[in-house]
Amino acid sequence: MTDIKERLSILKGDIFGAIIATIIAFPQALAFGVASGLGASAGLWGAIILSFVAGILGCNLPLVSGPTGPTAIIVAVIVGEMTGNIDKVIPILILAAIFQIIISLTQIPRMIKYVPYPVISGFLTGIGLIIILLQISPLLGGETFPSTIKALMYYPHLLSHINLQACILGVITLGILFFTPKCITKFLPSQLLALVLMTGVSYYFGFDVEKIAGVTFSVPHAHIPNFSIELIMQDVPMALTLAFIATSESLLTGIIMDSLMKVKHNSKRLVASQGIGNLFCALTGSMYGTAATMRSVAAIKIGAKTRLTAILCSLIMAVLLFKFTGFISQIPICVLAAILIKIGYDILDLKVLKVLKYAPKDDLYVLLTVLLLTVFYNLIFALGIGIILAALLYAKRVADNTNIKVNEYKPEAYSSYETKVERESHYKIRILHIDGQFFFGSITQIVSHFDELLETEYIILNYSSNAELDMSAIFALEDIIVRLESQKIKLYLVITNERVFNQIKSLEIISQIGEDSVLTDENVAIEQALNHLHLNDANNLS
């Protein structure tokens with residue numbers, strides 16, 4: 001009886017999770033389809049097909065998939081390069097899907113997490129800015145352009161030829177998206193509210209604005225690609241970029257799901273299911289996509305537990321597409337542009353602003369280089385240059401820190417005491433050393449230790465390097481603190497270098513663990529941990 005109730009509870013959570021994910025995914029799929037140049041119906045069918053296939057073949061998590069901002073922009077670049085010729089676009093999408101499947105058979109899914117944070121931050125912020133810059137024109141009733149340079153050059157003409165009705169609809173839509181109270185968005189996402197409300201206003205008052213055209217309720221037909229050696233060699237860079245970005249975004253979503261659901265997904269299976277799903281999308285001329293963070297997290301918050309959420313989400317979207325084609329065709333382009341501008345704003349990595357003045361200049365150079373190249377030159381080139389530049393600057397950092405001064409601390413003489421403390425505390429106290437630099441390349445190894453520390457109550461993390469923490473390390477330290485707090489483990493940070501100690505003290509994360517938990521002497525940290533442990537044991541006995 002208990003087992004039946006539990007299963008019914010899981011089913012109920014999956015159903016409601018699918019409904020809320022659909023509410024979020026539907027307007028986004030429409031908007032991304034239009035932004036990509038493939039059309040609104042391609043965006044919807046991309047969400048339906050990918051979520052269904054990846055839901056069946058992927059991990060048993062409520063991973064709702066579909067078109068996202070980064071993939072929409074890359075597909076838009078591909079469509080622009082091929083001058084809108086769908087017969088030339090489809091082979092590139094198929095290649096990208098095949099590359100994703102190949103990636104899933106290698107160790108690359110585990111290696112992508114080592115891409116430096118400034119490269120990811122610069123690229124995502126660049127994607128967000130591209131979306132915003134490209135959608136300002138349709139928001140004001142102007143033309144849509146495939147590149148930011150052309151859009152910016154059109155702005156002087158646009159400002160003297162604004163469609164006032166489109167501007168009114170677009171600006172009010174932005175107001176709804178940014179200022180709808182949380183008590184409302186908790187039950188009805190602002191994107192859906194704005195889409196329905198402003199489409200109704202446009203239809204009721206008969207506004208003369210451009211609307212979505214060509215939305216069909218028929219099942220998309222198969223496209224037979226026309227491959228050639230010359231075409232494949234020419235398209236490989238774009239296909240690889242799309243596969244890399246889609247894989248990275250899916251893996252990032254998977255990591256977030258692990259954190260929320262306290263599980264560990266199979267990254268190779270996740271990437272394989274996304275690749276196979278995107279292959280079906282490409283063969284039907286539908287939009288390329290990834291595992292979508294916002295939709296998946298929203299589903300979990302409602303109570304979703306299994307892959308059934310993704311499958312149900314795709315089926316609900318298919319029903320909506322068949323039943324509401326008339327409504328969809330009346331949606332103003334300016335309203336979709338406003339939704340995309342808000343999505344572009346959400347993609348901007350604004351949290352990086354709080355650590356800009358503490359981050360090494362090298363990180364900022366990489367971030368700004370990737371950002372500017374992404375927005376004003378080429379997405380593929382930006383990623384490549386960013387990774388190469390980050391690697392070179394890291395090599396320089398390592399070279400600059402090879403001559404480390406030998407201090408009076410002798411690990412071999414002290415390790416016996418550390419071992420004794422751990423053993424006598426029954427491993428409720430653990431002492432970890434970071435002897436090398438705490439940087440983007442070492443984050444995964446360091447964090448992985450905390451998953452193995454069962455029954456631990458106190459961790460003393462000793463960072464003895466004289467190298468300041470870069471942006472990746474700062475955010476990784478935040479992640480470590482959150483992980484340990486969720487496991488009710490007390491963290492003591494021992495920072496022996498004065499400059500690094502002052503850097504840690506100046507960061508906001510100090511409030512999460514308390515100033516008294518950041519020390520310069522490991523002996524003091526051990527003494528505090530032992531005192532707290534003995535006090536807790538005494539309280540438990542009494």
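Student: Which residue lies over the face of Y492, and what makes that a charge over a ring?

Tutor: K490 lies over the face of Y492, at 5.5 Å from the ring centre. The distance cut-off is within 6 Å, so 5.5 Å meets it. Bear in mind that this is a predicted model.

Student: Where does the charged end of K342 sit?

Tutor: It sits over the ring of F178, 5.3 Å from its centre. That value, too, is within 6 Å.

Student: How many aromatic pairs does the structure hold?

Tutor: The structure holds 5. One of them joins W45 and F322, 6.5 Å centre to centre with 85° between the planes.

Student: Is W45 buried or exposed, and how do you know?

Tutor: Buried means under 20%; W45 has 9% relative accessibility, so W45 is buried. F322 has 41%, which falls between 20% and 50%, so F322 is partly exposed.

Student: What makes strand β4 mostly covered?

Tutor: 6 of its 6 residues are buried. Y458, I460 and N462 are buried on one side, and I459, L461 and Y463 on the other.

Student: How do you know that β4 pairs with β3?

Tutor: Pairing needs at least two bridges; β3 and β4 have 6, so they pair, in the parallel sense. I431 stands opposite I460 in β4. Another 6 bridges join β4 to β5, also parallel.

Technical notes:
Residues are numbered from 1 along each chain as its sequence is written. This is a predicted model: local features need pLDDT of at least 70, side-chain atom pairs count only at pLDDT 80 or more; totals for chains, interfaces and linings use all residues. Side-chain values use heavy atoms; hydrogens and water are left out. Buried means under 20% relative accessible area, exposed over 50%, partly exposed in between (1.4 Å probe, protein chains only). Helices (H or I, at least four residues) and strands (E, at least two) are DSSP runs, numbered from the N terminus. Rings of Phe, Tyr and Trp (its six-membered ring) pair if their centres lie within 6.5 Å; planes under 30 degrees apart count as stacked, over 60 as edge-to-face and the rest as tilted. A charge sits over a ring if NZ of Lys or CZ of Arg is within 6 Å of the ring centre and within 35 degrees of the ring normal.
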